[in-house]
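Visitor: I would like to go through this structure with you. Could we take it topic by topic?

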Amino acid sequence: MGENLKIISQHFDDPQARHLDHYETHGGYRMARKSSSMAPGDIHGEVKASNLRGRGGAGFPTGVKWGFVPKDAETVYLVVNADESEPGTFKDRHILFWNPHMLLEGMIIAARSLGVRNAYIYIRGEMQREFRVLQDAVDQAYAKGYLGEGIFGSDFDLDITICRGLGAYICGEETALLSSLEGGRGWPRLKPPFPAVKGLWGQPTIVNNVETIANLPWILEHGGQAFADLGVGRSGGLRLVSVCGHVNNPGVYELPLTVTGNDLIEMCGGMREGKAVKGIIPGGVSMPVLTADELDVPFEFDALQNDERIREVETAPGVKFDLGGGRTLRTMAGSGGVVVMDETTDITKAAWRILHFFADESCGQCTPCREGTGWLASVAHRVAFGHGRAGDVELMASIADGIAGNTICALGDAAAWPTLAFLTKFRGEFEDKVKNSHDAAPAGAAGGAP
Amino acid sequence: MTAKQLTPEIEAWIEQRWSRFPEGAAGKALTLGVLYQAQETFGHVDTEVIDIVADRLGVTAAHVRGVATFYTMINARDVGRYHLQVCTNIGCMLDGAYELFDRCKARLGVQNKGTTADGNVTLSEVECLAACGYGPVAQIAERGKPEIPLYFEHLDEKKIDAILDALEAGNVPTELGR
């Protein structure tokens, strides 16, 4: 395989690529056609061998997830999560806009393997342009007989329906997405049961990210082993990474999983104005920040979780945060949304903006998250904007620790983890803000605030 | 004034989609889609629209109200002819989005979610639009024109001024968007 191999992104920026005929001239739909007469278990075998891991955030092995569907299930649904809204992440939007047929082809392959008759794409409401491109692609595929009844002349029937969200970050969480797809509020559900066992309308449902599914045609063409060989360890393939912030050439890059934070900055043309890097968020704003001296670790799922060069997140100086079962937290690869912050960045303001977002997007079901994210945003705001009070740094850590692990879905953790990481790694900046607060009692003053 | 009703286009959309959902589940499942299209028709979603949608889909008004109030893209009141939505989330903030948002507020004379007195422009601060590498980013929606909205990327003072000038003159500067 060449060094510059591209699986998904090679036709990004080519406006013709989104037309079915053009997609076919590059070999498109051959694997969908092949899959329509394949034994479902053979497709699943290739996906398992590929070490493909979910590209939405959790990095769960796709083949294992598919294996959770009960063998005797009569109705199985496939849902593609196109609700990309994790700040810093903008890769799926590129697939939807430039390469929609690769997603549809991947869906046909997945549906064939899982025994799906009805598949749905849940696309973010704000992505109106991408919705129109995707709907055009679906219409073209129906017109060609690649969707509907007896596709490719086989006995395999598949309908794909696009459903649009209406503006709610939480609907990117897979059980919230299912609640929304069923027509309700985007409220997450307790797991277990997992959607693969009991999902949409109570039936086994596989929810996969856009990028995850778009890898399937390549896997089927070249074999699962070839995909696994592209990766490292338990993670197969390449990865789309979206980079924003203070680099010269932000954008979407398809890269090997061995790429480190420092490599990434270099590939993006270096830091803007030659400034030094202060911190990088490696996988969407839910993920703990990395400091400049932690950027030699590959941006791969297991490495970011386990590499000892990355400092463990703490709830107080010297007290490690307990992820559950005695595990500690470094960071995670998440959604591949990389935010690069240079030395001029006010970390306290960055932290506030992230927490403001989570407070806004909490669905309100669980008290620790509904109340806690609001408190965090409010305390972070007063600290960042010069009105911090003594004890605010400890207060933020205590609120975050109270949310983590105590909610139905991961949104609570998504607010708590970055908070604790910012406080662990940039504690001095928060403490300085509090010390120099406009509201601090002048030295020697009698008494404190009433 | 005649009572509001769903357009033939919405009716056709419901008909076409109904069979894609399991028996008994379609009415509820179509709530989001019908609400959004009803809002495009009527400008906003009020009690009357909620009742119409609930009646047509065979679900309770309480359910429809619950959905309408959960999602940020459903408006209880009219927005302006143009809805200027500026992202200030982390990627855009690092690129100076708050300074531009302040400029919009000053020029339009409105606060966040405010509408100009002539009803021309509503200004909203929005969360991440998934274009973080090209910030600051804004999206403009024009009422009754589904081919809009466009994304406006790499905004700076000059570009924001050009956009605001164009909106004031009654057009969306599509050449600046994509």
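Visitor: To begin with one residue, is Ala130(B) buried or exposed?

Guide: Ala130(B) is buried, with a relative accessible area of 0%. Buried stands for under 20% relative accessible area, exposed for over 50%, and partly exposed for values in between, with a 1.4 Å probe and protein chains only.

Visitor: What should I know about the model and its numbering?

Guide: This is a predicted model, in which local features need pLDDT of at least 70 and side-chain atom pairs count only at pLDDT 80 or more, while totals for chains, interfaces and linings use all residues; side-chain values use heavy atoms, with hydrogens and water left out. Residues are numbered from 1 along each chain as its sequence is written, and chains are lettered from A and ligands numbered from 1 in the order in which they are written.

Visitor: Back to Ala130(B). Where does it lie, and what is its phi?

Guide: Ala130(B) lies in the loop between β3 and β4 of chain B. Its phi is positive, about 60°, although Ala130(B) is not a glycine. Helices (H or I, at least four residues) and strands (E, at least two) are DSSP runs, numbered from the N terminus.

Visitor: Which peptide bond in chain B is cis?

Guide: The bond from Gly135(B) to Pro136(B) is cis, with omega near -10°. Pro136(B) is found in the loop between β3 (121-126) and β4 (138-142) of chain B, and Ala130(B) also lies in the loop between β3 and β4.

Visitor: How many helices and strands does chain B have?

Guide: Chain B has eight helices and five strands. From the N terminus on, their order is α-α-α-α-α-β-α-α-β-β-β-β-α. The C-alpha trace of chain B spans about 55 × 40 × 30 Å along its principal axes.

Visitor: What domains are assigned in chain B?

Guide: The assignment gives domain 1 (8-70) and domain 2 (82-176); domain bounds come from an automatic or database domain assignment. The C-alpha centres of these two domains of chain B lie 29 Å apart.

Visitor: How much of chain B is buried, and what about its surface?

Guide: Of the 178 residues of chain B, 59% count as buried. The accessible surface of chain B comes to about 8,000 Å², and 50% of it belongs to carbon and sulfur atoms. Accessible areas come from the Shrake-Rupley method with a 1.4 Å probe, and for residues only the protein chains shown count as cover.

Visitor: Turning to chain A, what are its domains?

Guide: Chain A is assigned domain 1 (15-230), domain 2 (238-343) and domain 3 (346-440). The centres of domain 1 and domain 2 of chain A, taken over C-alpha atoms, are separated by 28 Å. Between them, 18 residues of domain 1 are in contact (heavy atoms within 4.5 Å) with 20 residues of domain 2.

Visitor: Which residues touch the most other members of the largest nonpolar core?

Guide: Among them are Tyr29(A), Met107(A) and Phe430(A), in a core of 174 residues. A second, separate core of 22 residues includes Leu264(A), Cys268(A), Ile280(A) and Phe299(A). A nonpolar core is a set of buried Ala, Val, Leu, Ile, Met, Phe, Trp, Tyr and Cys residues joined through side-chain atoms within 4.5 Å. In soluble globular proteins, nonpolar side chains tend to be buried together.

Visitor: What does Val247(A) touch?

Guide: Leaving aside neighbours within four places in sequence, Val247(A) is in contact with Cys268(A), Gly270(A), Met271(A), Arg272(A) and Val340(A). The C-alpha atoms of Val247(A) and Val340(A) are separated by 6.9 Å, with the two residues 93 apart along the chain. Val247(A) is found in the loop between β5 (238-245) and β6 (251-256) of chain A, and counts as buried at 1% relative accessibility.

Visitor: And Asp13(A): buried or exposed?

Guide: Asp13(A) is exposed, with a relative accessible area of 63%. Asp13(A) lies in the segment before α1 (20-25) of chain A, and its phi is near 80°, a positive value in a residue other than glycine.

Visitor: Lastly, which prolines in chain A are joined by a cis peptide bond?

Guide: Pro192(A) and Pro193(A) are, with omega about 0°. Pro193(A) lies in the loop between α8 (174-181) and β4 (205-209) of chain A.
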